[in-house]
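Keep the 3D view open as you read.

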Amino acid sequence: MMGSITRELETGRTKRVIVDRKRGGAAAQMLLLGLQQVMAMDLFIPPMILAGMLSFSVNDSALLIQMTFIACGLATLIQAGLAMKLPVMQGPSFVPISALAAIGTTSGIGTMIGSLIPGALLIGLLGYPLQLFSKAVRRFIPPLVAGTVIVIVGISLMPSAIHSIYTAQGSLSSNMIVAIVTAAVLIFCMYIGERSKTKLRFIKVISVILALASGSLVASFYGLIDFSSVEKASWFQLPTLFAFGMPTFNINAILIMLAIYLIVMIETTGTWFTVSNITGDKLDDKRLNGGALGEGLGCFLGSFLGGTPVTGYSSNAGIIAITGIKSRKPILVGGAILIVLGMMPKLMNCIACIPSVVVNSIFAILCVVIMMNGFKVIKEVPFTERNMLVIGVSIMAALFAVLMPADILAQLPDLATYFVASGTAVGAVTALLLNLILPESIEDHKESNEVQTNLN
């Protein structure tokens, strides 16, 4: 009798050990998958670029990166866990960078932060309770417009990245050497990772990290790195509300950011369609409106922390396609990891110490990637003369704004200055208007509907 009881107890212990091991293995796997999603994001690039445009100190740059990590982590948990309920990672958008820099440099950081709040609330309201966002997507954001806007984002940001390489700290020759090495490593890693059918595919995921490390190593030979701020930074710090000062509200800045938010929503909608196609989850009106609500809440929280507007990251959709893991759990784990990393000032200071020439070299290549992703969307659209006008004139309008001389820009009213300072805004609004104004033939309309149906 006792022997039977002993055997039952031993069997029970063995089963519990097996279950605990399985749980531990599953948890470790989920942590690894979440970390992989984080590594694929490169979300420190936009705040670093914005900090450079605003002439932030290393400490302020580190703080902006820190707050951006936390804001993106919270936004991811909201979007994937509660709102849209699709495996979408939220990261800082490249779209608002120029407009935010223009507002911050001309009207102050408080005005820049204040401009983020009303737009975030509006986006959330368009999702729920108004439920208008899904209708707007169906009516105003066909693949032609969405693809053109993505192309414009890459093209309009590229001159800023290239100019920053020339004007970065250091001599022209040293900057060019550092830039070439950084870009070469990034391109090589992306190419090898894309072509490889083995474990080397992971190189593409960490390509930006490898490029940053290589560029920083070369930059150190020219004395372009100073890690003194890292020693002074603490290991752990809770987030701070309005870390850069209390918001002030300027109607001109708010109006521009309202337009920018709508452009960000065009960008993120493209990512949602991509994720929907990969996972097989239908992107119906409920999910579209839920996504708008989640995006609005994420941007609203981000504005309190000083972060930039968030958007769905298409690079994470690529990770889902590569791994085949369509669950939301790795995304939620990734969101939690972002929050934890954002509470580590020493790590954020390490990132902030990376020379601007290295960051902008990577930024320039990423602009190319963004632009080409836009062309991937556009290639599905029939290249009629009407559609080519929408694409070409919109790109021209964006370049017209980007290349406007500084002395002419300075003579414009504040509202016009904020708008023209963002080539993306000018080009995106042009694309929306031309798509509505230029008549579409019956054949074009049929083909566009077929493309929209395929994407949905």
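## Inside the core

Leaving out residues up to four places away in sequence, Phe44 touches Ile65, Phe69, Val208, Leu212 and Ile351. Please keep in mind that this is a predicted model.

Phe44 belongs to the largest nonpolar core, which has 120 residues. Phe44, Ile45, Phe69, Phe94 and Ile260 are the residues with the most contacts inside this core. Helix 7 (residues 143-167) supplies the largest share of the core, with 13 residues. Another core, of five residues, lies apart from it; Ala397, Ala401, Met404 and Val426 are among its members.

## A buried arginine

Now turn to helix 18 (residues 385-402), where you will find Arg386. Is Arg386 buried or exposed? Arg386 counts as buried because its relative accessible area is 10%, and the cut-off for buried is under 20%.

What surrounds this side chain? A polar atom of the Arg386 side chain lies 2.7 Å from the backbone oxygen of Asn435. Setting aside neighbours within four places in sequence, Arg386 is in contact with Leu144, Leu434, Asn435, Leu438, Pro439 and Glu440.

Which helix gives the largest share of the nonpolar patch? That is helix 21 (residues 423-437), with three residues.

With a relative accessibility of 60%, Ile437 counts as exposed, because exposed means over 50%.

Conventions: Residues numbered from 1 in each chain as written. Predicted model: local features only at pLDDT ≥ 70, side-chain atom pairs only at ≥ 80, totals over all residues. Heavy atoms only, no water. Helix = DSSP H or I, 4+ residues; strand = E, 2+ residues; numbered from the N terminus. Buried < 20%, exposed > 50% of the residue type's maximum accessible area, 1.4 Å probe, protein only. Polar contact = N/O pair within 3.5 Å; in protein donor to acceptor, adjacent residues only side chain to side chain. Contact = heavy atoms within 4.5 Å. Core = buried A, V, L, I, M, F, W, Y, C linked by side-chain atoms within 4.5 Å.
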